[in-house]
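Here is a friendly briefing to read alongside the model. Please keep the viewer open as you go.

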Amino acid sequence: MNIYFLVEGNTETKVYPKWLFYLVLELKEVKKLESVKNNNYYILSAGGYPSIKRNYLPIAIGDVNTYQQYNHLVVCLDAEGMDVVDKYMEITDFISNECLSLKTATLEIVIQNRCIETWFLGNREIYSENPKSEYLIRYTSHFNVSTNDPELMLNNGDFRTHAKFHSAYLNALFREKKIQYSKSNPRYVTEESYIQQLINRTSNSNHLATLKCFLDFCTTIKSKT
């Protein structure tokens, strides 16, 4: 079982390998796509949107078709302001319109709704019941991510995009707990205890549906390694 991950941002290249270590221990990362052998994965960041679709997706499909040891091409990108189904269709329509196709591998599209920081907001352990920060009080008043599904949270109007608001909310929660976090160094969210809290959230509620899809995919992959 070999997997090619094409991800939207650079944060994913730091988080996904750590999560995969806990979720599918049998999979080992390779740094060169041609180094894949058995139970390996390769991960490539597109550095943002729309480059992941316009520039990198055709390259990834070409790579997978050239190195046919890959069983899955997994494309991971943010929904941002779009409906999850519409975002999914945007990618499949692009592939169809550009006459792209996979020879042997299966395409998997992982939608991060609304972004990967939205998933991180699902850890109830980082939530402060009595926040002191003015920003966090305002964010919580707008939407309480501890009790409500973070994927349903819209922009509060202070930010240009949903993703920027979700990222600001996450950072406010971490600052309240004196936790160091940045997109370039997301160390805390890569810990096993953190991903376990997210697994618990998806298991005990209908929250974080797109994260649940990713976790289910990992479970399927683990059964085949």
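Threonine 161 touches Glu80 and Asn155, leaving aside residues up to four places away in sequence, where contact means heavy atoms within 4.5 Å. Threonine 161 lies in the loop between helix H5 (134-142) and H6, and at 17% relative accessibility it counts as buried. Helices (H or I, at least four residues) and strands (E, at least two) are DSSP runs, numbered from the N terminus.

This is a predicted model, in which local features need pLDDT of at least 70 and side-chain atom pairs count only at pLDDT 80 or more, while totals for chains, interfaces and linings use all residues. Residues are numbered from 1 along each chain as its sequence is written, and side-chain values use heavy atoms, with hydrogens and water left out.

**Sheet**

- Five strands make up an open sheet with parallel pairing, in the order S2-S3-S1-S4-S5; two strands pair if DSSP finds at least two bridges between them.
- At the edges are strand S2 (28-29) and strand S5 (106-112), each of which pairs on one side only.
- Strand S1 (residues 2-7) and strand S4 (residues 72-78) run parallel and are joined by five bridges.
- Within the sheet, isoleucine 3 stands opposite histidine 72 in S4.

**Nonpolar cores**

- A nonpolar core is a set of buried Ala, Val, Leu, Ile, Met, Phe, Trp, Tyr and Cys residues joined through side-chain atoms within 4.5 Å.
- The largest such core has 47 residues, of which Phe5, Trp19, Tyr169 and Phe214 touch the most other members.
- H6 gives this core its largest share, seven residues.
- Which residues does phenylalanine 5 touch, not counting residues up to four places away in sequence? The contacts of phenylalanine 5 are Tyr16, Leu20, Tyr41, Tyr42, Ile43, Leu44, Val74, Cys76 and Phe214.
- A second, separate core of 24 residues includes Val36, Ile52, Val75 and Ala79.

**Aromatic rings**

- Rings of Phe, Tyr and Trp (its six-membered ring) pair if their centres lie within 6.5 Å; planes under 30 degrees apart count as stacked, over 60 as edge-to-face and the rest as tilted.
- This rule gives 20 aromatic pairs.
- One of them is edge-to-face: tryptophan 19 and phenylalanine 120, at 6.0 Å centre to centre with 80° between the planes.
- That pair links distant parts of the chain, 101 residues apart, with tryptophan 19 in helix H1 (residues 11-23) and phenylalanine 120 in helix H4 (residues 116-120).
- Tryptophan 19 is buried at 0% relative accessibility, and phenylalanine 120 is buried with a relative accessible area of 0%.
- Phenylalanine 165 and tyrosine 169 form a tilted pair, 5.9 Å centre to centre with 50° between the planes.
- Phenylalanine 165 and tyrosine 169 are separated by about one helical turn because they are four residues apart in helix H6 (residues 162-176), and both are buried.
- One aromatic cluster is formed by Phe5, Tyr16, Trp19, Tyr41, Trp119, Phe120, Phe174, Tyr181, Tyr188, Tyr194 and Phe214.

**Charged side chains**

- The charged end of lysine 87 sits over the ring of tyrosine 49, 3.8 Å from its centre; the criterion is NZ of Lys or CZ of Arg within 6 Å of the ring centre and within 35 degrees of the ring normal.
- There are eight salt bridges, each a side-chain nitrogen of Lys or Arg within 4 Å of a carboxyl oxygen of Asp or Glu.
- Glutamate 90 bridges to lysine 53, with the closest N and O atoms 3.0 Å apart.
- This pair also spans distant parts of the chain, 37 residues apart: glutamate 90 is in helix H3 (residues 84-97) and lysine 53 in helix H2 (residues 51-66).
- Lysine 212 and aspartate 216 form a salt bridge with closest N and O atoms 3.1 Å apart, and both lie in helix H8 (residues 209-224), four residues apart, about one turn.
- Lysine 212 is partly exposed at 31% relative accessibility, and aspartate 216 is partly exposed at 37%.

How values were computed
Buried < 20%, exposed > 50% of the residue type's maximum accessible area, 1.4 Å probe, protein only.
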